[in-house]
Amino acid sequence: LLTVLFIIVDRRSKINEEKANIGEPKQLLQINPDVVTDIEINNEEGKTVFTWIDGLWQITEGEQFNVNVYAVSAICNYICDLRSLKTVAFDCENTDVYGFTNPITLKVYTTDTDKEHPYILYVGDATPTYDAYYAMLDGSSDVYTIDYNSGTVFCSNRNSLKNRYLFDTSSSLVNYFKVQKDDKTVLELKR
């Protein structure tokens, strides 16, 4: 009788423990960043595909601009090791309340996957407290929250992906600076 009672109590405690841990953080994506070949971003500005060519991120599809390789590398690094903060909804039927009417879609292509089977992440709105973003994985109807910093990086617009510097150098390497207007020297500086 004691053995049967122990089994029943043990089973109930395991079920209660599983229920308590159901919304716990979990690993959403675990990708080796060294095998990433392409990152596709689809947002309200359109589709942009970045490809890793000769050690740099270059645009292979979409509007051409001077790429901020650090911003694209940040997207790559964040998506390659993405964890959820918690699961907000299981088998969600109305994802519109989380901002998935027109989500930002990130597709990651690797040497391990073919072009028809990329890793896909959907990013919705920020939470009302602005401490996280809602996210979904392709093929799942569960809604998760991811940290606010990752969500902000994933929600990059074209301006944040552009290189803001006219010349690719640091100020410590500049020895001479000259400003001309109408063929007249307005300012000239030498170090």
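1. Strands here are DSSP runs of E with at least two residues, numbered from the N terminus.

2. A word on the source: this is a predicted model, where local features need pLDDT of at least 70, side-chain atom pairs count only at pLDDT 80 or more, and totals for chains, interfaces and linings use all residues. Residues are numbered from 1 along each chain as its sequence is written, and side-chain values use heavy atoms, leaving out hydrogens and water.

3. β11 (residues 176-181) pairs with β12 (residues 184-190) in the antiparallel sense over six bridges; pairing takes at least two DSSP bridges between two strands. Val179 lies in β11, and Leu187 is its bridge partner in β12.

4. Now look at Thr110, in strand β7 (residues 104-110). Thr110 counts as buried because its relative accessibility is 5%. Leaving aside residues up to four places away in sequence, Thr110 touches Ile31, Val35, Val36, Thr37 and Tyr119, where contact means heavy atoms within 4.5 Å.

5. The Thr110 side chain also reaches the backbone nitrogen of Asp112 at 3.2 Å.

Methods:
Helices (H or I, at least four residues) and strands (E, at least two) are DSSP runs, numbered from the N terminus. Buried means under 20% relative accessible area, exposed over 50%, partly exposed in between (1.4 Å probe, protein chains only). A polar contact is a pair of N or O atoms within 3.5 Å; within protein, one must be able to donate a hydrogen and the other to accept it, and residues adjacent in sequence count only if both atoms are side-chain atoms.
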